[in-house]
Amino acid sequence: MAGAVRESAAFDLVAAQQGLGAQPFSRLVQARITEFGGGAATLEIDIREELLQQHGFVHGGVLSYAADNTLTFAAATALGPAIVTGGFSIQYLRPARGRTLRARAEVVQAGRRQAVCRCDLTMIDEAGEERVCAVAQGTALPLNAPADGHG
């Protein structure tokens, strides 16, 4: 990981879990943060019928949500908690099937104005085996950054 990670004792796993719990949509999908710190974050969602699409796979919107939120939490380890997503892209590699979705993101580069992160999304099956189903990359920006990205 390039760039400085400026974590503070006040923004640790417990604080990240509280931040996630403050997001109504995260509560709706019943997401949880299982790891946070050192330029990385992991988010997990137990799969239930409401999160599937018509062919029985995890809906792409659920995968996108997990990538977006996990990328942003990883970036928060470098930029602090007052950030927003600047943008992200996701590539779906195979249908997502299993009991638990796990998204792991890490900071690739961080500066004062943005952090670039990448994320692997895996499905865990009943036997505990993990299989990558999507990959994503994105940026997060501090809330106090200029809206036009300049200055």
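This report describes the helices, strands, core and aromatic pairs of the structure shown above.

The model is predicted, so local features are taken only where pLDDT is at least 70 and side-chain atom pairs only at pLDDT 80 or more, while totals for chains, interfaces and linings use all residues. Residues are numbered from 1 along each chain as its sequence is written, and side-chain values use heavy atoms, with hydrogens and water left out.

Helices (H or I, at least four residues) and strands (E, at least two) are DSSP runs, numbered from the N terminus. Of the 20 residues of H3, 17 are buried, where buried means under 20% relative accessible area, exposed over 50% and partly exposed in between, with a 1.4 Å probe and protein chains only.

Contact means heavy atoms within 4.5 Å; leaving out residues up to four places away in sequence, Leu-63 touches several residues, among them Ile-90, Leu-101, Leu-121 and Cys-133.

**Strand pairing**

Two strands pair if DSSP finds at least two bridges between them. Strand S4 (residues 100-110) pairs in the antiparallel sense with strand S2 (residues 40-46) over 7 bridges, and Glu-44 stands opposite Arg-102 in S4. S4 also pairs in the antiparallel sense with strand S5 (residues 115-124) over 10 bridges; a hairpin of 4 residues joins S4 to S5, and Ala-105 stands opposite Cys-119 in S5.

**Aromatic pairs**

Rings of Phe, Tyr and Trp (its six-membered ring) pair if their centres lie within 6.5 Å, with planes under 30 degrees apart counted as stacked, over 60 as edge-to-face and the rest as tilted. The whole structure holds 3 aromatic pairs, and the table gives two of them.

| Pair | Centre to centre | Angle between planes | Class |
|---|---|---|---|
| Phe-11 and Phe-36 | 5.0 Å | 80° | edge-to-face |
| Phe-25 and Tyr-65 | 5.4 Å | 65° | edge-to-face |

Phe-25 lies in helix H2 and Tyr-65 in helix H3, so their pair ties together parts that are 40 residues apart in sequence; Phe-25 is partly exposed at 47%, whereas Tyr-65 is buried at 12%. Ring pairs also link Phe-11, Phe-36 and Phe-73 into a cluster.

Ser-26, in helix H2, is buried with a relative accessible area of 2%. Its side chain makes polar contacts with the side chains of Gln-23 at 2.6 Å and Asn-69 at 3.2 Å; a polar contact is a pair of N or O atoms within 3.5 Å, and within protein one must be able to donate a hydrogen and the other to accept it, residues adjacent in sequence counting only if both atoms are side-chain atoms.

Gln-30 lies in the loop between helix H2 (24-29) and strand S1 (31-37), is partly exposed at 49%, and has a positive phi of about 60° although it is not a glycine. Most residues other than glycine have a negative phi.
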